[in-house]
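Q: Hi! Could you walk me through this structure, starting with how the inside is put together?

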Amino acid sequence: MKPQQISAVAAAVVFAAAVTGALAQQEINSGQMATSLAGVSNTRLSLTGAQMRQAVLDNIRNYPGILPPHALSFPQLENLAQFVVEVDFDFNSAVIRPSSYRTIGAIADALHNPILLGYGFLVIGHTDSVGGRQYNVGLSQRRAEAIRDALVDPFNVNPAVLEAVGMGEEQLRDPAHPTSGVNRRVQLINVGGKFCFNASGERYVCQ
Amino acid sequence: MIRAISLVCALCLMSAAVFPANAQTMSYADAISQLAMACRNDIATYCKGVPLGPRLKTCFDTNEARMSPQCQQTRGVVYASIVRRAAAQRDIGDICSADIARLCGTTRAGESLLACLLVASPAAISPQCNQAFTDTGWRTERARQ
């Protein structure tokens, strides 16, 4: 691991998911994921998961429409180390498909890497535009929580370092093709500062 | 290569009731994808819609007698590997405390201790510490970075 890689803003990498059955596997390199998630530390980040969830609801209220006319943005998060993966769920459900078990295991391998010890992470779920915006917020929240829960058990990631946030369809990756699968994704962001989250989503310094 | 090693190990362990002490633990990614492959039909039949996590484990327990022998064997190996890797990552500081003190001095803490073990030759580490360190999977994860 080279120092410049640590200090560089990590590019989000999208791995296309094969969705043809349980044998389909994504080749995600947990070591590279760990490297991408390491480094950029912003101990002054004041954004909480609760504030993000409120901003999502505000975006729907302030910018009504079938599709979000105004993409929600969080400038505070844009320069943080992050990684984007695609996880397959059952339709309209927060149940992770067996085809994505490997992806969840790889995320766990990365989060257990000593270079990420003690950092706090946002687990942000995104949907495509199929379904109502409000509904999609709830669906993506449940899916983000399902990923968090699977990382905790069976993969032993410390729940205190994970905060699940559902973004619904408010940050479409490809607004020109709102129903495209590329919009369905999970974003992991290192919020830096060796912070953990309590049950209310408030951050504290990990012990 | 790492995957190949894990697969070979999974095959050689198929008949083992417990995880052999001198075997390598699998990465979580390899472990859970082996479960997904070996238990694919059993999950679809008995645990459809059950989320990955404690509820899936409960579903396996409940339906164990009906599940395919291949799934049962793989499941035992997979969960044993996951448990052993987790225990190694939790206990490495205690198990290797003497090695760390000898190799790294007593003033270092946390990640620098791990870095110290990472650069040390396995021959310079006590067998117990070396086994625990291998079980953490951190050497193979480091090699992937």
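A: Happy to. A nonpolar core here is a set of buried Ala, Val, Leu, Ile, Met, Phe, Trp, Tyr and Cys residues joined through side-chain atoms within 4.5 Å. Buried means under 20% relative accessible area, exposed over 50%, and partly exposed in between, with a 1.4 Å probe and protein chains only. By that rule, the largest nonpolar core has 58 residues. Those with the most contacts inside it are Met33(A), Ile104(A), Leu111(A), Leu116(A), Ile147(A) and Leu151(A).

Q: Thanks! What should I know about the model and the numbering?

A: It is a predicted model, in which local features need pLDDT of at least 70 and side-chain atom pairs count only at pLDDT 80 or more, while totals for chains, interfaces and linings use all residues. Residues are numbered from 1 along each chain as its sequence is written, chains are lettered from A and ligands numbered from 1 in the order in which they are written, and side-chain values use heavy atoms, leaving out hydrogens and water.

Q: Back to the core, then. Which residues is Leu111(A) in contact with, leaving aside its neighbours within four places in sequence?

A: Leu37(A), Leu116(A), Phe121(A), Leu151(A), Val157(A) and Leu162(A). Contact means heavy atoms within 4.5 Å. Apart from that core lies another, of 17 residues, including Leu45(A), Val56(A), Phe74(A) and Val137(A).

Q: Tell me about Val137(A). Is it buried or exposed?

A: Val137(A) counts as buried, at 12% relative accessibility, and is found in helix H6 of chain A. Not counting residues up to four places away in sequence, Val137(A) touches Val56(A), Leu57(A), Ile60(A), Gly166(A) and Gly168(A).

Q: Zooming out a bit, how many helices and strands does chain A have?

A: Six helices and six strands. Both are DSSP runs numbered from the N terminus, helices being H or I with at least four residues and strands E with at least two. From the N terminus on, the order is α-α-α-α-β-α-β-α-β-β-β-β. Of the 207 residues of chain A, 56% count as buried. Among its contacts between residues at least 6 apart in sequence, 78% join residues at least 24 apart.

Q: And at what angle do H5(A) and H6(A) pack?

A: H5(A) (residues 101–111) and H6(A) (residues 133–152) pack at about 60 degrees, with their axes 10 Å apart. Axes are lines fitted to C-alpha atoms, for helices over the stretch in contact, and angles run from 0 to 180 degrees between N-to-C directions. Ile104(A), Ile107(A), Ala108(A) and Leu111(A) on H5(A) meet Ile147(A), Ala150(A) and Leu151(A) on H6(A). The residues of this contact divide into seven nonpolar, no polar and no charged. Here Ala, Val, Leu, Ile, Met, Phe, Trp, Tyr, Cys and Pro count as nonpolar, Asp, Glu, Lys and Arg as charged, and the others, Gly among them, as polar.

Q: Nice. Switching to chain B, which residues of H4(B) meet H5(B)?

A: Lys57(B), Phe60(B) and Asp61(B) in H4(B) meet Cys71(B), Arg75(B) and Tyr79(B) in H5(B). That contact divides into three nonpolar, no polar and three charged residues. The two helices, H4(B) (residues 54–63) and H5(B) (residues 69–95), pack at about 140 degrees, with their axes 12 Å apart.

Q: Last one: why is H2(B) largely enclosed by the rest of the structure?

A: Because ten of the eleven residues of helix H2 (residues 28–38) of chain B are buried. Among them are Tyr28(B), Asp30(B), Ile32(B), Gln34(B) and Leu35(B).
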